[in-house]
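What follows is a brief report on one protein chain. Look at the structure first, then read on.

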Amino acid sequence: PLPRGSGDEFAGRVVGGSVPKNYIPAVEKGVNEAVHEGILARYPVVDIKTTLYDGSFHPVDSSEICFKIAGAGAFKKGLSEGQPVLLEPVVNITVRAPEDYTGDIIGDLNTKRARVQGMNPEGDVNIIEAQVPLAEVLRYAIDLKSITQGRGSHRLKFSHYEEVPVHIIQKVMAERQAAEKE
């Protein structure tokens with residue numbers, strides 16, 4: 001793995017000609033396809049370095065497609081043994097609502113895996129700031145309207161990516177598999 005935001009890298013460090021140089025781009029192509037396909041719920045892999053160290057070939061039976069398939073297969077096998085994680089976008093949310101609804105709003109945000117950062121009163125309105133996974137607040141306008149009887153508003157701004165909790169990864173993978181079967 002590379003630090004977050006580094007991108008993906010491929011390096012060929014084959015010595016002794018165990019893999020002919022003309023097949024190394026085919027291995028890279030297979031790895032790149034596997035990167036885009038991923039293994040956790042078929043989401044793309046990010047921030048990873050893949051290095052080709054060794055391999056073998058047969059002068060008659062080897063082909064570019066074979067090396068491409070081998071590269072993708074080796075990448076997927078290595079990744080499945082490497083404890084990959086699923087990342088989700090986290091947003092900063094700012095909620096403005098009448099003071100009377102503050103407790104209900106904070107309670108609702110807590111059910112959405114939010115981390116409340118602070119609360120600032122501004123007259124008879126409270127401004128609540130929190131960080132919350134984007135997946136939890138895709139329909140937040142409807143929830144907020146219901147809680148505040150239409151007197152609240154909110155803003156979302158992307159913050160960063162975070163690892164998804166294990167129990168949610170299992171749920172996402174199950175949903176993805178069910179959707180693929182349909």
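A charge sits over a ring if NZ of Lys or CZ of Arg is within 6 Å of the ring centre and within 35 degrees of the ring normal. R176 meets this rule: it lies over the face of Y43, at 4.3 Å from the ring centre.

## Model and confidence

This is a predicted model; local features need pLDDT of at least 70, side-chain atom pairs count only at pLDDT 80 or more, and totals for chains, interfaces and linings use all residues. Residues are numbered from 1 along each chain as its sequence is written, and side-chain values use heavy atoms, with hydrogens and water left out.

The predictor's confidence in each residue is its pLDDT, from 0 to 100. The protein chain averages 91, and 100% of the residues score at least 70. Among its elements, strand 5 has the highest mean pLDDT (97) and helix 5 (residues 166-181) the lowest (86). Elements here are DSSP runs numbered from the N terminus: helices are H or I, at least four residues, and strands are E, at least two.

## Nonpolar cores

A nonpolar core is a set of buried Ala, Val, Leu, Ile, Met, Phe, Trp, Tyr and Cys residues joined through side-chain atoms within 4.5 Å. Buried means under 20% relative accessible area, exposed over 50%, and partly exposed in between (1.4 Å probe, protein chains only).

The largest core has 16 residues. Those with the most contacts inside it are F10, V27, V31, V45, F67 and F75. Helix 1 (24-37) and helix 2 (64-81) are the elements that give two or more residues to this core. Helix 1 gives the most, with six. F10 touches I24, V27, E28, V31, T50 and L52, not counting residues up to four places away in sequence; contact means heavy atoms within 4.5 Å. Apart from this core lies another, of 14 residues, among them V91, V95, A97 and L109.

## Aromatic pairs

Rings of Phe, Tyr and Trp (its six-membered ring) pair if their centres lie within 6.5 Å; planes under 30 degrees apart count as stacked, over 60 as edge-to-face and the rest as tilted. By this rule the count comes to two aromatic pairs. One is Y23 with F67: the ring centres are 4.5 Å apart and the planes at 10 degrees, so the pair is stacked. Y23 lies in the loop between strand 1 (9-12) and helix 1, and F67 in helix 2, so the pair ties together parts that are 44 residues apart in sequence. Y23 is buried at 13% relative accessible area, and F67 is buried at 9%.

## Buried polar side chains

S18 sits in the loop between strand 1 and helix 1. Its relative accessible area is 17%, so S18 is buried. The side chain of S18 makes a polar contact with the side chain of D54 (2.7 Å). A polar contact is a pair of N or O atoms within 3.5 Å; within protein, one must be able to donate a hydrogen and the other to accept it, and residues adjacent in sequence count only if both atoms are side-chain atoms. The S18 side chain also reaches the backbone oxygen of G55 at 3.5 Å.

N126 lies in strand 5 (residues 125-133). N126 counts as buried, at 7% relative accessibility. Its side chain makes a polar contact with that of T102 (2.7 Å).

## Positive phi

A41 is not a glycine, yet has a positive phi of about 55 degrees. A41 is buried, at 8% relative accessible area. Q149, also not a glycine, has a positive phi of about 55 degrees. Q149 counts as exposed, at 62% relative accessibility.
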